[in-house]
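Trainee: I would like to check the words used for this structure against their definitions. Can we take them one at a time?

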Amino acid sequence: ASLYDRQRLRIPDLLDARSLGQSIALEARAGATEFFPGVASPTLGFNATYLGPTIRVHSGDDVQIAVANRMHQATAVHWHGLLVPGELDGGPHQPIAPGATWRPVLPVRQPAATLFYHSHLHHATAEQVYFGLAGMLIVRDAPEAALGLPSDYGVDDLPLILQDRQFEGGRLVMPGGMMTVMNGARGDTLLVNGTANAYAPVPARRVRLRIVNASNARDYHLAFDDGRAFHWIATDSGLLAAPIERRALSLSPGERAEILVDFSDGAATT
């Protein structure tokens with residue numbers, strides 16, 4: 001198979017805290033991932049070889065998370081955008097040693113929003129995120145549920161984790177050198193949910209796209225190739241007061257957005 005064959009968009013598993021008794025288990029693991037058929041790359045992931053499951057929590061709940069480190073290196077897990085006390089935030093001040101398990105109970109007390117979680121180990125954040133220690137975190141609440149927005153995960157409510165990565169002969173490598181030190185790691189290939197050359201079948205109706213810029217250093221300027229308009233409905237901190245019609249949207253690293261796109265014409269678009 002060619003390195004340029006289209007591949008169906010991978011949808012990360014969904015761990016819904018309420019359906020799991022408010023208890024979520026994450027394992028940080030080292031593994032191998034074939035981003036291109038037949039070429040394995042060493043990678044890191046949560047409960048998977050690359051990236052992690054989407055975690056869905058509900059405002060007002062307390063969620064117990066067990067983060068087990070199955071790697072041979074320390075890690076830390078930060079809930080990027082979650083409004084929690086510092087001792088639960090999982091920054092560089094809270095490393096998880098190899099073989100150890102961290103068990104924070106997260107009080108979810110904020111409006112519905114698209115967040116993301118990722119490694120935040122001192123001196124190793126960039127590398128661990130680059131090789132896969134990241135995932136999406138969704139907060140839901142009653143006012144958002146009452147709006148009737150598309151919310152069938154993986155069908156009309158799609159997670160899109162955007163990352164640029166460098167490949168040599170189909171194998172994932174981390175760029176080095178002084179320019180990378182100064183400007184951050186940038187890659188030549190766009191991955192969406194860890195999928196290269198991704199395509200996604202969508203229903204012929206309005207679809208919600210939850211977009212996370214999980215790249216180390218790249219900004220994205222996003223638009224559809226047919227120029228179609230879409231509605232921007234949410235930022236990092238949750239829903240906007242009203243939808244805003246746009247034809248383009250920019251996201252910097254760590255930034256999130258939600259948009260509604262009408263696919264009812266059935267036409268393919270990129």
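Trainee: What makes S12 and S17 a pair of strands, and in which sense do they run?

Mentor: Strands are DSSP runs of E with at least two residues, helices are runs of H or I with at least four residues, and both are numbered from the N terminus. Two strands pair if DSSP finds at least two bridges between them. S12 and S17 are joined by six bridges, so they pair under that definition, and they run parallel. Within this pair, Leu 162 stands opposite Asn 213 in S17.

Trainee: Where do the residue numbers come from, and what kind of model is this?

Mentor: The model is predicted: local features need pLDDT of at least 70 and side-chain atom pairs count only at pLDDT 80 or more, while totals for chains, interfaces and linings use all residues. Residues are numbered from 1 along each chain as its sequence is written, and side-chain values use heavy atoms, with hydrogens and water left out.

Trainee: Which other strands pair with S12?

Mentor: Strand S14 (residues 189-192) pairs with S12 in the antiparallel sense over four bridges, and Leu 162 has Val 192 as its bridge partner there. Strand S13 (residues 171-173) is joined to S12 by three bridges, also antiparallel. In S13, Arg 171 is the bridge partner of Glu 168. The hairpin of S12 and S13 has two residues between the strands, and Gly 169 takes a positive phi near 60 degrees in it.

Trainee: Why is strand S12 called mostly covered?

Mentor: Buried means under 20% relative accessible area, exposed means over 50%, and partly exposed is in between (1.4 Å probe, protein chains only). In strand S12 (residues 157-168), ten of the twelve residues are buried.

Trainee: How do you know that Glu 144 and Arg 208 form a salt bridge?

Mentor: A salt bridge needs a side-chain nitrogen of Lys or Arg within 4 Å of a carboxyl oxygen of Asp or Glu. The closest N and O atoms of Glu 144 and Arg 208 are 2.7 Å apart, so the pair qualifies. Glu 144 lies in helix H2 (residues 142-145) and Arg 208 in strand S17 (residues 206-213), 64 residues apart. Glu 144 is buried, with a relative accessible area of 2%, and Arg 208 is buried at 1%.

Trainee: What makes Arg 210 and Glu 258 a salt bridge?

Mentor: Their N to O distance is 3.4 Å, which is within 4 Å, so the pair counts.

Trainee: Are the partners Arg 228 and Asp 226 buried or partly exposed?

Mentor: The side chains of Arg 228 and Asp 226 meet in a salt bridge at 2.9 Å, N to O. Arg 228, at 10% relative accessibility, counts as buried, whereas Asp 226 is partly exposed at 41%. Elsewhere, salt bridges that share partners join Arg 140, Glu 144, Asp 157, Arg 208, Arg 210 and Glu 258 into one network. A search of the whole structure finds 16 salt bridges.

Trainee: Why is one space called a cavity and another a pocket?

Mentor: On a 1 Å grid over the protein atoms alone, a cavity is a set of points where a 1.4 Å probe fits but cannot get out, whereas a pocket is an open set with protein on both sides within 12 Å along at least five of seven lines. Lining residues have an atom within 4 Å of a point. Grid points are joined across faces, edges and corners, and a volume is the space filled by probe spheres set on the points.

Trainee: What volume does the largest cavity have, and which residues line it?

Mentor: The largest cavity has a volume of about 40 Å³. Its lining consists of Arg 56, Ile 138, Arg 140, Ser 151, Tyr 153, Asp 157 and Arg 210.

Trainee: How much space lies in the largest pocket, and which strand gives the most to its lining?

Mentor: The largest pocket holds about 1,100 Å³ of space. Of the 30 residues that line it, Leu 160, Ala 198, Phe 224, Thr 269 and Thr 270 are the closest to its centre. S12 gives the most to the lining, with three residues.
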